Amino acid sequence: MTSTRLNPLDTAWLFTESRATPNHVGGLLQFRLPAKAPRDFLRAMVAEFRAHRDVVAPWNQRLKLPFLKNPLPSWVEDDDIDMEYHVRHAALPWPGGERELGELVGRLHSTPIDLARPPWECTIIEGLSDDRFALFIKMHHSLIDGISGIKMLERAMATTARASLKLPPFFAAPPPRPSRAASKRPAPSVANAAAAAIEGLSTQARSLPQLASAFGSILRRIGDPDDGLSVPFDAPRSVLNGRVREKRRFATQQFGIERMRMLAGAAQCTLNDVVLAVCGGALRRFLLERDELPAKSLTAGIPVSVRPKDDEGTGNAISFIVASLGTDLPDAGERLMAIRSSVRHAKSHVQGLPRQAMTQYTMLLMAPTMLTLLTGIGGRTPPMFNITISNVPGPDKPLYFRGAEMVSIYPASIVTHGQALNITCESYAGQMNFGFTACHTTVPSMQKVAVYCADALAELEQVFLPRPAAKKRASRKKKPQPA
C-alpha cells in the first residue's frame, strides 16, 4: 500500500479541526439540464456515481494517523470506498431559487467530514428553477486546496456538449499530465501562499541579514502617515472577528465580467480593485444597518500574484497583502480610489523586496494567522485583518458534463475563530461568481451582503460611467410609435 506523508501546512489543517471550525472547502456547480433530458436524468446519475468503483487519486485517499516512527500523518489508498456515503441525493421544493439553494448548501457545509474515510462528499441537488440542477462537492483542506479542487472539477468536464456525453464522474477522471508552465503557476490562495513560504523557508536561511534589512524598511514606512500602506494587526475590531459556532450560512452573487471591466477601465483601476470596492460597499451598508460599523476602515487579507523586482522567471509568485476596504468613506468613488491606492502600495512594497526576502516576508505575514489556528486564540485577540477576499481566474469558455452546460461555479471556503466571514470569487465564462461563507450565529442575515454587492456595483457605475446611451434609450421610448 503506497502512502504519501502530509506536509506541515496540510497537517495543521488537521490539528486545528474542531466541531465549530471544520476545515473543509467546497464548490457549488450549477448546471442546465440537457434538452429533452429524461425525467430520471438525475436519479440515473446518482445511481451511476454510487455504482462506480474506479476511483482515482486524490479521491481514493484516506488518512493514516501518525505513530512514533511517523510523526506526521500520511495518505494511503483506500480500496474499499463506500460510495453511498460519498455520493448523496437532495432536492429542493420546486421551484428552488438561489436563497433556498444557499440555505441547503449552508447546512451541508456545516457538518464536518468523516476523516476515517476519503475526506470528500458530493451532493447532487435537484428541484432548482429554470431546468437546473447542482452539485455541491466538499473536500477537506488537508487533501485538496479549494482552488486546486475546483480546477480538478473543471478538468473533469468538456468544452462541448457532445464530447461530455461519456465522461466518467469527476472522482474517476484521470488527472492530466501537468505541464512545466502550469506547475509554476499556483493559484492565488491563502493556502498556496503559506505553502510556498514554508517550502522555501529552509532554503532561505542564508538571507536573514537581507530579510532584516527589508523588514527594517517596512517598520520605517509604517510610521509614515502619508505612506498609505495598510499594516497587519492595524484592523479595527468588528463583528466579523469574533468566535464562531458550528452552523454556516452560504450565499451567492454573480456579475458580468465585461460590466466590471468597463467600470475598472473608467476608474483606471484593476478588476480586483472593483471586486474589493463592491465588497467594501456591501460590508459598510451591512454593518451600518447593525450599528456596528467601526470608525476605522476594515482591512482585507488578499492572496495575490506578485513578482519581485529581481525575478526574471515565467511562473507566478504568490504572496499575501493587507489592503484597506474604504468602509470609513461614505462616497463610493472615494472608496474605490482609496482601495486602489492601498492595493498599489501593498503590491509595490512586496514587489520591491528581493526574491529571497519575499519568501520569508510571506512566511512572517502568515505566521500569526497560523499561530491563532494552532492555539485556538482566534477571536480573542486583535485581528490581523478583518476578512479574507480571494479572486481566482477560472475558465473563460462554457464547460459541459453529460450534455449539461455548467452555468456557474461558486467557491465555499473556511470560517474560523477571528474570521467569521469569507468571500471568494471565481470567474467563469464571462461571469464573476461570488461565494459568501459565514458563521450563522456571528454574522446573522449574511445573505444581505450578497444583495448589497449588487447595489454597491450600481453605485460605483453611477460615479464613474456616464450614461448617454441610457438617456438615448429613454428619449426613444417617449416618441410615438407608428401604428
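Predicted model: local features only at pLDDT ≥ 70, side-chain atom pairs only at ≥ 80, totals over all residues.
Just after helix α10, D291 takes a positive phi of about 60 degrees. The positive value occurs here in a residue other than glycine. D291 sits in the loop between α10 and β9 (299–306). At 71% relative accessibility, D291 counts as exposed.

Residues are numbered from 1 along each chain as its sequence is written, and side-chain values use heavy atoms, with hydrogens and water left out.

Now the whole chain. The protein chain holds 14 helices and 15 strands. Helices (H or I, at least four residues) and strands (E, at least two) are DSSP runs, numbered from the N terminus. Of the 483 residues in the protein chain, 55% are buried. Its accessible surface is about 22,500 Å², and carbon and sulfur atoms hold 54% of that. Accessible areas come from the Shrake-Rupley method with a 1.4 Å probe; for residues, only the protein chains shown count as cover. A contact means heavy atoms within 4.5 Å.

Return to α10, which runs over residues 271–289. Helix α10 has 19 residues and reaches 28 Å from its first C-alpha to its last, close to the 27 Å expected at 1.5 Å a residue. The expected span is 1.5 Å times one less than the number of residues. In α10, 16 of the 19 residues are buried, so this helix is largely enclosed by the rest of the structure.

How do α9 and α10 cross, and at roughly what angle? The axes of α9 (residues 257–267) and α10 come within 9 Å and cross at roughly 100 degrees. That makes α9 roughly perpendicular to α10. Axes are lines fitted to C-alpha atoms, for helices over the stretch in contact, and angles run from 0 to 180 degrees between N-to-C directions. Under 35 degrees counts as roughly parallel, over 145 as roughly antiparallel, 65 to 115 as roughly perpendicular and the rest as oblique. On the α9 side, the contact is made by I257, M260, R261, L263 and A264; on the α10 side, by L271, V274 and V275. By class, the contact has 7 nonpolar, no polar and 1 charged residues. Here Ala, Val, Leu, Ile, Met, Phe, Trp, Tyr, Cys and Pro count as nonpolar, Asp, Glu, Lys and Arg as charged, and the others, Gly among them, as polar.

The loop between α9 and α10 holds Q268. Q268 is not a glycine, yet its phi is positive, about 55 degrees. Q268 is exposed, with a relative accessible area of 59%.

E461 lies in helix α13 (residues 447–464). E461 is buried, with a relative accessible area of 6%. Leaving out residues up to four places away in sequence, E461 touches R259, L263 and R467.

Next comes α4, at residues 98–110. Helix α4 has 13 residues and reaches 18 Å between its first and last C-alpha, close to the 18 Å expected. Its buried residues are L101, G102, L104, V105, G106, H109 and S110. S110 is also one of the residues that E246 touches; R19 and A20 are the others, not counting residues up to four places away in sequence. E246 lies in the loop between α8 (208–222) and β8 (248–256). E246 is partly exposed, with a relative accessible area of 32%. The C-alpha atoms of E246 and T441 are separated by 8.5 Å, though the two are 195 residues apart along the chain.

Another such pair involves P174. P174 and V55 are 119 residues apart in sequence and 9.2 Å apart in space, C-alpha to C-alpha. P174 sits in the loop between α5 (146–155) and α6 (180–183). P174 is exposed, with a relative accessible area of 64%.

Two cis peptide bonds close the tour. From A57 to P58 the bond is cis, with omega near 5 degrees. P58 is in the loop between α2 (41–51) and β3 (61–64). Another cis bond joins W94 and P95, with omega about 0 degrees. P95 lies in strand β5 (residues 87–96).

Methods. Buried < 20%, exposed > 50% of the residue type's maximum accessible area, 1.4 Å probe, protein only.
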